[in-house]
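Let's take a quick tour of one chain and the neighbours it touches. Keep the 3D view open while you read.

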Amino acid sequence: MTATILRRLAQSVPTLFIVVTLSFFLVRLAPGGPFDLERPLPAAAMENLRRVYGLDQPLLVQYGRYLAALARGDLGPSFSVRDLSVAELFARGLPVSMTLGGLALLLALGLGTALGALSALRRGSWLDHAVTTLGTFALTVPGFVVAPLLQIAFGLTLRWLPVGGWDGGSPRHLVLPVVTLALPQVAVIARLARAGLAEVFERPHWRTLRGLGLPPRILALHALRGAALPVVSYLGPAAAGLLTGSVVVETVFGLPGVGRYFVDGAINRDYTLVLGTVVLIAVFVLVLNLVADLACALIDPRLRDPG
Amino acid sequence: MSAGAAFAEASLLARARRRLAGDAVARACAGVLALVALACLLGPFVTGHPYDRLYYDYPGTPPSLALYPAPQAVRPALDRLAFRMRVRAEDVSVTGDAVRLTLAADRPVDPRVLTFFSRSDTVGEARILGRSEDGRRLAVEAPLRRLRFLAGTDALGRDLLTRTLMAGRLSLALGLMATAVALGIGVGYGALAGTLGGRVDAAMMRLVDILYSLPFVFFVIMLVVFFGRSVALIFVAVGAVEWLDMARIVRAEALAIRRRDYVRAAEALGLTTAAILRRHVIPNLLGPVVAFAALMVPRVILLESFLSFLGLGVQEPATSWGVLIADGARSLESAPWMLVVPAAFLVATLLALTLLGERLRDALDPREGA
Amino acid sequence: MTLLSLRGLAVRYPEAGVTALAGLDLDLARGETLALVGESGSGKSQVALATLGLLPPQARVSGSVRFDGAELTGLPRPTLDRIRGARIGLVFQEPMTALDPLFPVGRQIALPLRAHRSASRRQALDRARELMGLVGIRDAASRLSAYPHELSGGERQRVMIAMALACEPDLLIADEPTTALDVTVQAQILALLADLKRRLGLALLFITHDLRLVRRIAERTAVLHAGRLVEVGPTERLFRDPRAPETRDLVAAEPAGRKGPVPGTAPVVLAARGVTVAYPGPRRGWRPGPPRLAVDGIDLTLRAGQTLGVVGESGSGKSSLGRALLRLEPAAHGLVRFEDRDLTRLDRAALRPLRRGFQPVFQDPMGSLSPRLTAGEIVAEGLRVHEPHLTAASRDARAAEAFREVRLDPAWRHRFPHAFSGGQRQRIAIARALALRPRLVVLDEPTSALDRTVQRDIVALLRELQAAHGLAYVFISHDLAVVRALADTVLVLRHGREVERGPTDRVLESPREAYTRALVAAADLDPGLAQA
């Protein structure tokens, strides 16, 4: 097991390297720079700034320095948010995004599995059709439509919940963003769970288990474990996406998460912030995929390494 | 040779069409799509409003069937007009489609100010009915402009329906073209890898795997932010993201088909590799490819809308559904219809395309309902 | 004393408009073995499922199932669950898939004990180990924690039986328990069932399509056809004096007759020397592992009109050999001569014009027909390559002719493969091969996916076509009865190597090698029928 984890981590280093390299040069190819303000700075001040941030060096030197710093875990200072390093920005934004994403993930997993199980048990019933139809809606209607509609309904019309803001993460402020984030995930997980369970019910071993006259609790254990594989392997990348923030949700609800860092960083030519965000997301993806794969191997002995 | 293959394909598509025609949901979706496409194509000629015309008198008008100007709105509008002409509007009377009024001032009224009338959104070109001796009073008649804003107007007073339909042209065209590009690249790449197999296949798929592991939406955003927000670039960016899936599907299918006994049998019959590809591999690939392409169109539209929503999409005055929805989300409290109208079009189109694509995928599956 | 009693048991699927069982009356006494025999679609599996309430929800059941005096139909699930798994054990076919792949087999055997006997985990696992010993799994203590995929097919079937027997049931229902297994394993499982039945005093309901198995195990036999019971009686009487025509069909379904000899002067069609198929082994780190030899140095010679039967169990390399002879196997080495041409050195392009002379027929008749082409196009496809001058009309006429030759209605050639039954599809595959007028046909398990009666008809057709066209056959099969009816010579393969070779009668009647003897014994060929 440990060997597998180490091997996988080693394998992800080249991927990370390629991502960083591509991003680094793509960012630098772009016209404009981080200090191009609406009113141009005096040439001397500009020169000074560029020297302080090392931008006066040849590109390859900068690249080497960035990689060296990255290897030490240093993401560098932000160009656009004065006096803060990229790491400090993440320290502020990540708790917000991870709270939202984590709650959405839990909601999606619980609700999605329950709905999927219900429709698999009552295949062809009105409930099954309703879940399928609503699932298609939830998957198709984009978040940037759902979020404002929720604001109109629950914020402006019913006045039950605030339309936005963070307010230190008070539960009332969390509801709408979490629901927006969770909706499509509920639909995907419900679909996967339904399909997985339906497949288990079709398998010959299900008939064997039923023929043994086992109590429902034991049958449920076997059915859910059999259907868990697609859900778990989906959860890896999905969790990475949710936990690293959503541009749409954080913009619409005005939340101080990391979801906007990338777009804002790119617009402001904040090189280190853009690269830092790319690294952050890539690390999340790689680690959570690894976790998902390990979980799959735990669930299904056939996926374990021979020997 | 090609006649036989064409027959096989035709029969496949014919069967799928028959099955879809018997499906109420599929028919409804096709109807919605036809309606949206037709509306976007012809609608902007019919609404009577240029999509970029700003009606200064009607910013933020809610949707309604009513004709504008409303009777009680004529007087204030004329007052505003008169103010700009530096005259007073007096004796205003609305008769049917025209309005009569007297322009009064302390100095003689210069008839050239009447050009303001033709630039107004409320009334048209004015005709002089009479003029007082001292020239300080000018009696004029002007036709009322009768305007209708079925879907209301935006904050700048542009007709929302026309803008939504114009935006639809762009979104649909982009969806179709980017899908075509992704399809071309993906099918070519995947079929090549799947057919050549061996080391070439492994190398080609390694490349796809690496590209896959990149956070691609971020690269698209980077491209668009750094190199300007042109339609062409968005198009390239979207196509570049979407072809990967296609390549994987086609390659997996091609490999699977090549392992089937009927391909072995065809080889044993002495068919050339090209003939096996044409007669056996491609027709059997057709189903999954068509279905995947059908489902790719809504995804592309969604991706473009997403970019536009972030403010990275097409630039004014051109517009797309994502741009309009972003505008709408910003004026949620004052003009909720600005969100609802384009969002309704987008959602209806996406839903219809998705449902139709899913049903097409099922209908093209030779294992089902044979 | 009657243990299980079915009265007017009927199973219908109203949505599909299918009646799977149309009123069945059947009794099974304590300690008795009753065989339920029928071809696919006869409804025999429905009996097992209906008895235990395992039918899919779309099924409508009527009639009565009484077990030990108590009615089972319409019982609420908790009550039914006290009987199934406890007093009635069930063994299914598919040993690959009938066990939950995610749990160790020990825990699965322990499941019914935990549920019905409220055994502690410890007790249940101890008992599971005993049971594994009972069903003849060696080294039971260590196999307890093995997962199903780590066991062989035969071991998995033994685990299934252990699970069914865990609570010492009165009745064991075995639905095709040996069908997917190799013949030697099949024989072991049958012996195990018979032995357990004797020792534990079980009643056994043995469901199968294979009449030959019945004679070894069942006291009485019931024959099902199209959802109806057509005959029931003592097994021995049924074989001696079958009354219903369907029973007679089944009893006679084993392909009869022998292959007549071919003169030694007949021209040699196929000659192969040292045919080897080596697949790359599993990678070891960065380097590929040692190659796995699927076929290891096989020589053979075949004359016009002759049939070589290639016999072996799964994994013996017989299919790889077939593909190697047809030059369809990229991993093959060795010399292959077809008539007067050496095929070994020819590349794909040079081989193509010669291919019309040697044609394959594969096992899975659905998989070997492209689902996108009509049957007629499939049959005529080779003509496009080898007789390109033919017009579409004359090609179609040739396809129609090939259809008639394999006894299919030529009017059906415009249908797609899915519209045909399994036997008809195999006829289409044969027609495709024959349309090119080949001299050699390599048949890879062409009858294995078919019912016995359909099999018999295909064997008759193959024999007829061979006589009419002087074809040489390489006939690959695990089924000795079919091989005996068709082959002049038998080649027994094991792990890719030749075990024994000789005239069919000699090999099957007095095998020299222990492995061949085991195969022959397990196949339980009927000496009486072979003489007919």
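The UniProt record, an unreviewed entry, marks residues 24-46, 170-192, 212-241, 285-314 and 334-357 of chain B as "transmembrane region". UniProt positions follow the numbering used here, feature names are shortened, and annotations may be inferred rather than shown by experiment. This is a predicted model, where local features need pLDDT of at least 70, side-chain atom pairs count only at pLDDT 80 or more, and totals for chains, interfaces and linings use all residues. Residues are numbered from 1 along each chain as its sequence is written, while chains are lettered from A and ligands numbered from 1 in the order in which they are written.

**Two of the annotated spans**
- Residues 170-192 of chain B are 100% helix and 0% strand, with end C-alpha atoms 32 Å apart. (Helices, H or I of at least four residues, and strands, E of at least two, are DSSP runs numbered from the N terminus.)
- Residues 285-314 of chain B are 83% helix and 0% strand, and their end C-alpha atoms lie 35 Å apart.

**Where chain B meets chain C**
- Here 21 residues from chain B meet 25 residues from chain C; contact means C-beta atoms, placed from the backbone, within 7 Å.
- On the chain B side, H9(B) brings the largest share, 8 residues.
- That side has 12 nonpolar, 5 polar and 4 charged residues. (Ala, Val, Leu, Ile, Met, Phe, Trp, Tyr, Cys and Pro count as nonpolar, Asp, Glu, Lys and Arg as charged, and the others, Gly among them, as polar.)

**Where chain B meets chain A**
- Chain B puts 28 residues in contact with 28 residues of chain A.
- H12(B) gives the most to the chain B side, with 8 residues.
- This side splits into 23 nonpolar, 4 polar and 1 charged.

Note on methods:
Contact = placed C-beta atoms within 7 Å.
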